[in-house]
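Open the model in your viewer and keep the sequence panel beside it. This tour moves from one selection to the next.

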Amino acid sequence: MTQSERSAPVQPGERAPDFSLRAVHQDSVVSLSSYVGRAPLLLAIFRGLYCPFCRRALAQFSGASEKLRQRGIESLAVVATELENARIYFKLRPSKVAIAADPECSVHRAFGLPAPALDAEAAKAAEKIRINPTGELSEPVPLLQAAVALDKVQGYHPTAVDQRDNARQMEHGVQLKGQFLLDREGVVRWANIECATEGLAGFGKFPSDDELLGAAGVLS
């Protein structure tokens with residue numbers, strides 16, 4: 001099985017699969033191997049910018065990256081959208097974290113992040129789940145309505161690229177996101193996968209700063 005065909009997420013103790021992607025913050029290529037031997041790395045892999053939960057998590061991750069840097073840990077975000085779409089977005093909303101664009105979700109697949117199918121049975125189950133993962137809504141709303149409701153609260157209007165990203169990902173299921181803490185040798189020491197512990201009720205959640213900093217303790 002190749003790295004791009006993983007059927008399960010990368011686990012602590014495994015070496016992280018390398019990748020090379022175009023950087024959003026500068027005209028260069030970002031590779032995971034460039035961090036090996038240099039510093040531990042917290043890698044966060046996101047859906048596209050069409051996802052309001054990811055946009056909020058990216059903003060939070062930007063702030064957390066400063067705290068992680070004080071502990072000698074670098075941070076990298078991978079966002080599943082086209083390079084120019086990401087550059088326009090982050091020009092308007094600057095981030096302190098390094099970001100790479102991955103429109104084909106190649107890193108999601110390499111790290112084995114699930115993309116569960118939203119079939120009729122799953123959609124029926126989702127109707128019973130109410131969420132408010134960012135705390136921005138006045139009350140929890142049905143899972144399948146949460147993204148639209150949050151876009152309205154945030155005043156965000158998806159671009160044509162955002163809409164294509166959403167449609168392309170939905171062809172293969174609901175792409176989940178994940179965070180991986182790598183040591184200096186590129187070995188995963190901690191991992192967090194969206195919905196892994198709470199099922200669909202955990203959709204849209206992202207670890208708090210305290211949880212990310214707590215995870216850094218495994219490197220001690």
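**Stop 1: a hairpin.** Select β8 and β9, which form a hairpin with five residues between them. In the turn, click glycine 186: its phi is positive, about 85°. Keep in mind that this is a predicted model.

Now look along the two strands. β8 covers residues 178-182 and β9 covers residues 188-193; five bridges join them, and they run antiparallel. Pick leucine 181 and look across to β9: tryptophan 190 stands opposite.

**Stop 2: β8 itself.** Color its two faces. Gly178, Phe180 and Leu182 are on one side, Gln179 and Leu181 on the other, and both faces are covered.

**Stop 3: across to β3.** β3 and β8 pair in the antiparallel sense over five bridges. Leucine 42 stands opposite leucine 181 in β8. Isoleucine 45 has glycine 178 in β8 as its bridge partner.

β3 is mostly covered as well: six of its six residues are buried. Leu41, Leu43 and Ile45 are on one side of the strand. Leu42, Ala44 and Phe46 are on the other.

Stop 4: Which way does β4 run beside β3? The two are parallel, joined by six bridges. Click leucine 43 and find its bridge partner in β4, leucine 76. Then trace the chain from β3 through α1 to β4: this β-α-β crossover is right-handed.

**Stop 5: the largest nonpolar core.** Show side chains. The largest nonpolar core has 43 residues. Which of them have the most contacts inside it? They are Leu42, Phe46, Phe61, Phe90 and Phe203. Several elements each supply at least two residues, including β3 (41-46), α1 (52-70), β4 (74-79) and α2 (83-92). Others on that list are β5 (98-101), α5 (143-154) and α7 (209-215). α1 gives the most, with seven residues.

Center on leucine 42. Leaving aside neighbours within four places in sequence, its contacts include Phe61, Leu68, Ile73 and Leu76. Phe180, Leu181, Trp190 and Leu212 are also among them.

**Stop 6: the largest pocket.** Turn on a surface. The largest pocket has a volume of about 550 Å³. It is lined by 27 residues, and the closest to its centre are Tyr50, Ala147, Asn166, Met170 and Phe203.

Which helix gives the most to the lining? Select α5, which gives six residues. α1, α4 (120-126), α5 and α6 (160-170) each supply at least two.

**Stop 7: a loop proline.** Finish in the loop between α2 and β5, where proline 94 is found. Is proline 94 buried or exposed? It counts as exposed because its relative accessible area is 67%, and the cut-off for exposed is over 50%. Last, select serine 62 together with proline 94. They are 32 residues apart in sequence, and 9.1 Å apart in space, C-alpha to C-alpha.

Terms used: Residues are numbered from 1 along each chain as its sequence is written. This is a predicted model: local features need pLDDT of at least 70, side-chain atom pairs count only at pLDDT 80 or more; totals for chains, interfaces and linings use all residues. Side-chain values use heavy atoms; hydrogens and water are left out. A nonpolar core is a set of buried Ala, Val, Leu, Ile, Met, Phe, Trp, Tyr and Cys residues joined through side-chain atoms within 4.5 Å. Buried means under 20% relative accessible area, exposed over 50%, partly exposed in between (1.4 Å probe, protein chains only). Helices (H or I, at least four residues) and strands (E, at least two) are DSSP runs, numbered from the N terminus. Contact means heavy atoms within 4.5 Å. Two strands pair if DSSP finds at least two bridges between them. A crossover is right-handed if, with the strands pointing away from the viewer, the path from the first strand over the helix to the second runs clockwise. On a 1 Å grid over the protein atoms alone, a cavity is a set of points where a 1.4 Å probe fits but cannot get out, and a pocket is an open set with protein on both sides within 12 Å along at least five of seven lines; lining residues have an atom within 4 Å of a point. Grid points are joined across faces, edges and corners, and a volume is the space filled by probe spheres set on the points.
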